[in-house]
Amino acid sequence: MSYQALYRKYRPRDFSDVKGQEHVVTTLNNQIRGDRVGHAYLFCGTRGTGKTTVAKIFARAVNCENPGEHGPCGECAMCRAIESGRSMNVVEIDAASNNRVDDIRQVIDEVQYSPAEGRYKVYIIDEVHMLSVSAFNALLKTLEEPPSYMIFILATTEAHKIPLTILSRCQRYDFRRIGVETIRDRLQELLDREGVQAEERALNYIARQADGALRDGLSLLEQCISFYFGETLTYENVLNILGAVDHGVYHRLLEVLLDNRVNGVLDVVADMVEQGRDLTQFTNEFVWYLRNLLVVKTSEDPQELVDMSEENLAELAECAERVELPVIFRYIRILSELSNEMRYSAQKRIALEVALVKLCRPQMEQDLESLVNRIRNLEQVNEELQEALEEGTLVTAANGQGERTEEQAEKPRAEIRPEAVPEDVRDVVANWKQVTARLDPVPRNMLKEVRLSVTDEGRLMLAFSQSMPAEYFKKEENQRELIEAAGQLTGKEIGLDVRFTKSRRELNALPELRNIIKNVEIEMIE
């Protein structure tokens with residue numbers, strides 16, 4: 001006999017062998033034992049959860065000569081005929097390729113003839129949502145008043161596409177996604193039958209990648225054991241075959257993201273490309289890693305909700321102490337959006353690199369989560385600066401990438417400058433772009449919507465129509481950076497006043513120094 005794939009070779013033969021769908025098989029089995037079989041069933045659920053398999057078991061069970069506690073006996077003539085495909089009592093139709101009204105009319109014509117042997121004639125229509133509207137209408141009358149010997153089993157992955165008139169005439173059964181532990185145990189059971197050794201970590205990973213579909217899990221397992229034929233299937237083997245990434249890589253990526261090291265995140269992506277990893281899968285698994293990080297940070301008992309070793313869990317808990325919840329939310333949001341985009345992107349590497357650089361540069365966004373991320377970065381820099389000053393070292397930025405080096409230096413003394421006069425304030429405003437160019441990205445972005453004016457005492461007024469930048473520059477330490485930048489340009493100590501105007505009209509009423517200076521310069525040229 002030719003080779004059979006695992007999911008075909010070990011397809012369940014009775015209800016007891018069906019995994020993860022006890023709520024369905026128990027109900028169907030009770031109906032058969034109590035002689036309460038319906039005429040139309042709708043099996044709904046994601047791929048690989050057992051819809052067609054249960055339909056075939058049910059079709060054999062209702063025609064079985066000696067049905068047992070778990071459905072068909074598998075030994076009688078009817079069971080053997082149906083299982084081998086020789087019986088005319090069970091007909092399978094693929095609605096994806098037979099969706100015309102003529103195809104359904106042919107079924108209706110055949111329904112008029114009672115079965116030559118056995119009790120029921122069973123039609124299994126797979127992917128029934130693919131039928132055309134006219135085909136559904138043709139099927140409707142037969143579903144409403146079928147012959148006593150007829151059973152229709154409709155299977156679909158998209159129940160919302162089934163007309164309500166069809167739904168109302170069927171008993172609906174929803175097939176659930178199968179749990180990771182159930183899939184893992186089934187894989188282990190089949191490996192024992194095949195005489196193949198595998199690590200528990202390897203089976204756990206395959207079960208998780210199956211995403212609730214046992215058939216997908218069997219296909220992935222077969223792929224792995226075929227490549228490493230005759231060897232013990234290890235966790236590293238599975239990672240290599242499925243193009244997956246070890247847990248440590250995600251930890252490394254999170255570390256460089258929290259440190260805002262752009263070079264670091266680009267190196268991680270380069271490593272993944274060099275190893276031939278699937279970048280879409282890499283992104284999805286990193287989102288799952290962040291989900292685990294969120295669970296560890298918020299749950300009192302994360303061991304029950306996170307499937308990983310104690311060592312990795314301890315490492316994740318250590319990372320969770322370093323990062324705030326809004327930062328995790330921001331990471332998950334951006335990467336989830338990226339995951340959807342990458343499915344249709346021709347340049348997946350570029351899309352991934354852009355998203356990771358965006359995570360390192362929260363100042364590129366204006367939402368609340370990014371603002372919290374920026375505040376966290378500022379606090380981290382401030383803490384490092386305070387430590388460096390206390391130890392007598394100076395921390396300086398390198399290459400503008402957020403990487404810092406420590407150099408021994410004396411504690412800097414503040415330069416004493418003469419107070420600015422109105423002419424000096426005018427020079428500051430006239431060279432405003434040069435002043436702001438000396439600032440860090442955060443205060444520079446805060447000054448994008450500022451209106452420059454002057455007080456009666458000759459001090460520079462910063463007027464804002466938004467509260468956030470106004471509150472930022474009302475703090476003395478934030479004013480100090482702007483005053484220092486202006487002092488480096490003019491050699492004078494300017495005075496600052498910060499005003500928050502609630503209405504746009506009040507803001508426009510203030511004289512704009514930049515416009516006044518510009519007009520004066522134009523008049524002097526003329």
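Helix H6, residues 133-144, is a handy place to start: in this predicted model the helix lies across strands S1, S3 and S4, and its direction runs at about 135° to S4. Helix H5 (residues 101-111) packs on the sheet too, touching S2, S3 (121-126) and S4. Compare its direction with that of S3 and you get about 170°.

So what do these helices sit on? The sheet is an open one built from five strands, in the order S2-S3-S4-S1-S5, with parallel pairing. Strands of a sheet pair through backbone hydrogen bonds, either parallel or antiparallel. Here S2 (90-94) and S5 (171-174) take the edge positions; each has a single partner strand, so one side of each is left without a neighbour in the sheet. Going from one strand to the next, the twist averages 15°.

Now move along the chain to a pair of helices. H10 (residues 214-227) and H11 (residues 235-242) pack at an angle of about 105°, their axes 10 Å apart. That angle falls in the 65 to 115 degree range, so H10 counts as roughly perpendicular to H11. On the H10 side, the contact is made by Leu-220, Gln-223, Cys-224 and Phe-227, while H11 brings Val-238, Ile-241 and Leu-242. Sort the residues of this contact by type and you find six nonpolar, one polar and no charged.

In soluble globular proteins, nonpolar side chains tend to be buried together. The largest nonpolar core in this model has 41 residues, and Leu-253, Leu-257, Leu-293 and Leu-356 touch the most other members. H14 gives the most, with ten residues.

Setting aside its neighbours within four places in sequence, Leu-257 is in contact with Val-265, Phe-286, Tyr-331, Leu-356, Leu-359 and Cys-360. There's also a second, separate core, this one of 28 residues, and its members include Phe-15, Leu-28, Phe-43 and Ile-151.

Key. Residues are numbered from 1 along each chain as its sequence is written. This is a predicted model: local features need pLDDT of at least 70, side-chain atom pairs count only at pLDDT 80 or more; totals for chains, interfaces and linings use all residues. Side-chain values use heavy atoms; hydrogens and water are left out. A nonpolar core is a set of buried Ala, Val, Leu, Ile, Met, Phe, Trp, Tyr and Cys residues joined through side-chain atoms within 4.5 Å. Buried means under 20% relative accessible area, exposed over 50%, partly exposed in between (1.4 Å probe, protein chains only). Helices (H or I, at least four residues) and strands (E, at least two) are DSSP runs, numbered from the N terminus. Contact means heavy atoms within 4.5 Å. Two strands pair if DSSP finds at least two bridges between them. Axes are lines fitted to C-alpha atoms, for helices over the stretch in contact, and angles run from 0 to 180 degrees between N-to-C directions. Angles under 35 degrees count as roughly parallel, over 145 as roughly antiparallel, 65 to 115 as roughly perpendicular and the rest as oblique. Ala, Val, Leu, Ile, Met, Phe, Trp, Tyr, Cys and Pro count as nonpolar, Asp, Glu, Lys and Arg as charged, and the others, Gly among them, as polar.
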